[in-house]
Amino acid sequence: MGAGRAVSISLDGVRDKNLMQLKKLNSVLFPVRYNDKYYADVLASGEFTKLAYYSDICVGSIACRLEKKEGGSVRVYIMTLGVLAPYRGLGIGTTLLNHVLDLCSKQSIGEIYLHVQTNNEDAISFYKKFGFEITETIQNYYTNITPPDCYVVTKYIDPPQPKK
């Protein structure tokens with residue numbers, strides 16, 4: 001990258017016509033295969049799922065699911081957030097996560113959470129920078145990967161304050 005040359009990071013929604021890009025990314029990024037329900041949730045989540053492009057190359061994604069809680073409130077579950085290894089550290093994951101955090105704030109969604117494999121220190125420290133905390137440990141959450149345990153990592157978002 002030449003000095004002074006700004007490289008743009010752009011986000012795009014996931015639709016039927018670009019769903020294969022998400023499938024390809026996931027097959028490279030994650031040690032698990034996602035089923036049809038995952039991809040149905042992706043298409044249903046609207047603005048909460050994005051592909052990230054770095055200089056017009058698809059290099060990352062965030063996929064969320066909106067869940068109704070008892071009492072009618074909604075929380076967001078981050079199913080996947082990943083960036084291809086050569087493109088990490090360039091602000092792409094931050095751009096993706098900030099996009100979803102901004103949506104949560106605008107829509108008064110007070111909770112966002114995800115599961116992280118207990119040995120994934122890079123992911124844990126990434127989320128902690130954004131105010132996420134480990135709220136639970138689940139033994140044997142994953143099948144076919146080691147370690148099988150995960151943390152539930154949660155961020156509670158303050159509702160927007162009314163303007164005075």
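Author: One term comes first: a residue counts as buried when its relative accessible area is under 20%. The model is a predicted one.

Now the pocket. The largest pocket has a volume of about 1,300 Å³. Its lining is made up of 41 residues. Those that lie nearest the centre of this pocket are Phe30, Met79, Thr80, Leu81 and Asn120.

Several helices and strands take part. Two or more lining residues come from each of α2 (36–44), β4 (74–83), α3 (92–106), β5 (111–117) and α4 (121–129). Of the contributions to this lining, that of β4 is the greatest, at seven residues. By residue class, the lining of the largest pocket holds 21 nonpolar residues, 13 polar ones and seven charged ones.

Next, the cysteines. A disulfide requires two cysteine sulfur atoms within 2.5 Å of each other, and a search of the whole structure finds zero disulfides. Cysteine 58 is in no disulfide, and the cysteine sulfur nearest to it, that of cysteine 64, is 16 Å away. With a relative accessible area of 14%, cysteine 58 is buried. Cysteine 150 is likewise in no disulfide. For cysteine 150 the nearest cysteine sulfur is that of cysteine 64, 17 Å away. The relative accessibility of cysteine 150 is 0%, so cysteine 150 also counts as buried.

Terms used. Residues numbered from 1 in each chain as written. Predicted model: local features only at pLDDT ≥ 70, side-chain atom pairs only at ≥ 80, totals over all residues. Heavy atoms only, no water. 1 Å grid on protein atoms, 1.4 Å probe; cavity = no way out; pocket = protein on both sides within 12 Å on 5 of 7 lines; lining within 4 Å. Points joined across faces, edges and corners; volume = space filled by probe spheres on them. Helix = DSSP H or I, 4+ residues; strand = E, 2+ residues; numbered from the N terminus. Nonpolar A, V, L, I, M, F, W, Y, C, P; charged D, E, K, R; others polar. Buried < 20%, exposed > 50% of the residue type's maximum accessible area, 1.4 Å probe, protein only.
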